[in-house]
Amino acid sequence: MNNHGGEIFRIVQTAKAGTPPEWFTTPQEFDLSALAKSFRISFLRVHDLASLEGLSHEAFSEGGVRMIEVLVDGEENLRLRKSFSERE
């Protein structure tokens, strides 16, 4: 899951202690497809849940390594994670 770096630190104990999350986030713009290509790894990037759910069984049935990058919006991801932690 690629939320562009470190958003989990906005909900763990560090965030609850009042430590500025900017110190712990790691924004990055790295092209994982280039990394996969350099190691001859099959690569797929999905941008939404429908695309992820739409992956066929065949995408996982062949042998070898697969890299699937799931792009998510950091703020939306944070809201979703907080909603799960509030249920506990």
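Biologist: Which helix gives the most to the lining of the largest pocket?

Modeller: Helix H5 does, with five residues. Keep in mind that this is a predicted model.

Biologist: Which helices supply at least two residues each to that lining?

Modeller: Helix H3, residues 49-53, and helix H5, residues 74-87.

Biologist: How many residues line the pocket, and which lie nearest its centre?

Modeller: The lining has 13 residues. Nearest the centre are Leu49, Val72, Glu76, Asn77 and Leu80.

Biologist: How do the lining residues divide into nonpolar, polar and charged?

Modeller: Seven are nonpolar, two are polar and four are charged.

Biologist: And how much space lies in there?

Modeller: About 300 Å³. As background, rolling a probe the size of a water molecule over the atoms shows where empty space is left.

Biologist: Let's step back. How many helices and strands does the protein have?

Modeller: Five helices and two strands. Starting at the N terminus, the order is α-α-β-α-α-β-α.

Biologist: What share of the residues counts as buried?

Modeller: The protein has 88 residues, and 18% of them count as buried.

Biologist: What about the accessible surface?

Modeller: The accessible surface is about 6700 Å². Carbon and sulfur atoms account for 56% of that area.

Biologist: Contacts next. Among those between residues at least 6 apart in sequence, what share joins residues at least 24 apart?

Modeller: That share is 57%.

Biologist: New topic, salt bridges. How many are there in the whole structure?

Modeller: The search finds two. One joins the side chains of Arg45 and Asp31, at 3.2 Å from N to O.

Biologist: Where do Arg45 and Asp31 lie?

Modeller: Arg45 is in strand S1, residues 42-46. Asp31 is in the loop between helix H1 (13-16) and helix H2 (32-38). The two are 14 residues apart in sequence, so their pairing ties those parts together.

Biologist: Why would such side chains pair at all?

Modeller: Side chains of opposite charge can pair when their charged atoms come close.

Biologist: Is Glu69 buried or exposed?

Modeller: Glu69 counts as buried, with a relative accessibility of 3%. The cut-off for buried is under 20%.

Biologist: What do these salt bridges make when they share partners?

Modeller: They join Asp31, Arg45 and Glu69 into one network.

Biologist: Let's stay with S2. Where is Arg66, and what does Arg66 touch?

Modeller: Arg66 is in strand S2. Leaving out residues up to four places away in sequence, Arg66 touches Ile41, Ser42 and Ala59. Arg66 is partly exposed, at 28% relative accessible area.

Biologist: How far apart are Arg66 and Ala36?

Modeller: They are 30 residues apart in sequence. In space, their C-alpha atoms are 8.7 Å apart.

Biologist: What is phi for Arg40?

Modeller: Phi of Arg40 is near 55°, a positive value in a residue other than glycine. Most residues other than glycine have a negative phi. Arg40 lies in the loop between H2 and S1, and is exposed at 82% relative accessible area.

Biologist: On to Asn2. Where is that residue, and is it buried or exposed?

Modeller: Asn2 is in the segment before H1. Asn2 is buried, with a relative accessible area of 9%.

Biologist: Where does Asp73 lie?

Modeller: In the loop between S2 and H5. Asp73 is partly exposed, at 43% relative accessible area.

Conventions: Residues numbered from 1 in each chain as written. Predicted model: local features only at pLDDT ≥ 70, side-chain atom pairs only at ≥ 80, totals over all residues. Heavy atoms only, no water. 1 Å grid on protein atoms, 1.4 Å probe; cavity = no way out; pocket = protein on both sides within 12 Å on 5 of 7 lines; lining within 4 Å. Points joined across faces, edges and corners; volume = space filled by probe spheres on them. Helix = DSSP H or I, 4+ residues; strand = E, 2+ residues; numbered from the N terminus. Nonpolar A, V, L, I, M, F, W, Y, C, P; charged D, E, K, R; others polar. Buried < 20%, exposed > 50% of the residue type's maximum accessible area, 1.4 Å probe, protein only. Contact = heavy atoms within 4.5 Å. Areas by Shrake-Rupley, 256 points an atom, 1.4 Å probe, with all protein chains shown as cover. Salt bridge = Lys/Arg side-chain N within 4 Å of Asp/Glu carboxyl O.
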